[in-house]
Amino acid sequence: MDHFAYRNGVLHAEDVPMSAIAEAVGTPVYVYSRATLERHANVFREGLQRIGRKHIAFAIKANPNIAVLRVLARQGYGADVVSGGEVKRALAAGMPGEDIVFSGVGKTRIELREALEAGVGQFNLELEEEGVALAEIAASMGKTADAVLRVNPDVDAGTHAKISTGKKENKFGVPIGDAPGIFARLSTLPGLNLRGIAAHIGSQIFDLGPIEAAYGKLGDLVHTLRAVGHTIDRVDLGGGLGVPYERDKVPPSPADYGAMVERATRGWDVTLYFEPGRVIVGNAGVLLTRVIWVKPGAIRPFIIVDAAMNDLARPAMYDAWHDFEAVAPTGERIVANIAGPVCESGDTFAMEREIDVVKSGDLAVFRTAGAYGATMASTYNSRALVPEVMVDGDKFAVVADRILPEAIIAAERVPDFLND
Ligand code: LLP
């Protein structure tokens, strides 16, 4: 459930008509609903209410806007981060360092040091050598780093290949069979407190079966590690729960997920860590756009909108579906293609889609754009970097400026040797 709905024939975010935002900020622009963010944060937490010891770390790669993070911080959420930049964002949003989980397959030594300085609460190690480096750096600072080892459970999440992470051919985690040896070696190092294990098998998952299979393997590993004397008090279960991009395809609910987690982890006696991303922010955002032209096509008309693949990359990258809805629909429908202005055929949001009839100048939205939307934007074709707005009841505020080409050009230089 979200707070984007039609009132008197006009799409609103909470109590604000989309047309008011377009008028004030221009288009394209991402629009987030605070009430929806809070609702999703609550629903996810309530789904896990039967889990005793837990820590929920929002995967901020899904939406790192600091206003969004502030909403989630106020809900008691921590952050799952994958770069030094994301550590800085979590801190800037007011999240305590100890609530931050540092994941990522290529953390540099500089990032590890800065994260230790920030008091990051957990490092998810991706390889043995990273554990050795982290131990050395922490010991040199007189600190002990809390860490878990990410394992690759070799389970097919049944999602798009580009967002699948838990198969043995993927770059993530250590082969699960190698974990006991790595534990044996890393657990002797001063500066490192290896407290448990982690896994994340993929994103936009619609079938809980593979996740449960992966958790089953983690349970076996907890048992194996304890049997040889390791203290295991944390298991990080990753993220991955899907969202309904298409209204008639309904993913498992957080309550379904929570029931499965409770069943799969019974008796583990650990603090469970969760890293949800998309399920928290996906439906809390839309991309508001204006139709530039309706261009007759050989087969179907092309609706050319002012948003493009540089603003919302998911359709071009993953053939992803985003519902397209007119802000003030007339009730008439048409089958059309929807495309942006970027000079690539891949800059197409939908082909042969039945949509509301729109004409030049009309406003429309791409739904479910709150996750992996603005954060994946670029300035390709020297387009502006897309701005973001947050709505709260009848108020709204720009929470990320539109970065204009002038500002981007100002950061570039023509070197002296080209001036003679
Ligand atoms: N934890 C780890 C270690 C991850 O790699 C990810 C996502 C998450 C948590 C959060 O997963 P979520 O709950 O959002 O599914 N850009 C792609 C998605 C990439 C996901 C990468 N990792 C997309 O737009 O579909």
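Two strands count as paired if DSSP finds at least two bridges between them, and the views of this predicted model begin with strands that meet this condition.

**View 1. The hairpin formed by strands β1 and β2.** Strand β1, which covers residues 4-7, and strand β2, which covers residues 10-13, pair in the antiparallel sense over four bridges. Within this pairing, Ala5 has His12 in β2 as its bridge partner. Two residues lie between the strands of this hairpin, and in the turn Asn8 has a positive phi of about 50°. In a regular strand, side chains alternate between the two faces of the sheet.

**View 2. The hairpin formed by strands β2 and β3.** Strand β2 also pairs with strand β3, made of residues 16-17, again in the antiparallel sense but here over two bridges. Ala13 stands opposite Val16, a residue of β3. Two residues separate the strands of this hairpin, in which Glu14 takes a positive phi near 50°.

**View 3. Helix α5 and its buried face.** Helix α5 runs through residues 109-117, and its buried residues are Glu111, Leu112, Ala115 and Leu116. Seen down the axis of α5, these buried residues fall within an arc of 135°, so they line one face of the helix. An α-helix has 3.6 residues a turn, so residues three or four places apart point the same way. On the other side of α5, Arg109, Ile110 and Glu117 are exposed.

**View 4. The surroundings of helix α5.** Just after α5 comes Gly119, which takes a positive phi of about 75°.

**View 5. The whole protein chain, as the setting for the close-ups.** The protein chain has twelve helices and 21 strands. Its radius of gyration is 23 Å, close to the 22 Å that the globule rule gives for 420 residues, so the chain is as compact as a globular protein of that length. Along its principal axes, the C-alpha trace spans about 70 × 65 × 40 Å. Of the 420 residues, 54% count as buried, and the protein chain exposes about 18,100 Å², of which carbon and sulfur atoms supply 52%. Among the contacts in the protein chain with a separation of 6 or more, 70% are accounted for by residues 24 or more positions apart.

Terms used. Residues numbered from 1 in each chain as written. Predicted model: local features only at pLDDT ≥ 70, side-chain atom pairs only at ≥ 80, totals over all residues. Heavy atoms only, no water. Buried < 20%, exposed > 50% of the residue type's maximum accessible area, 1.4 Å probe, protein only. Arc of directions from axis to C-beta. Rg over C-alpha atoms; globule rule 2.2 N^0.38 Å. Contact = heavy atoms within 4.5 Å. Areas by Shrake-Rupley, 256 points an atom, 1.4 Å probe, with all protein chains shown as cover.
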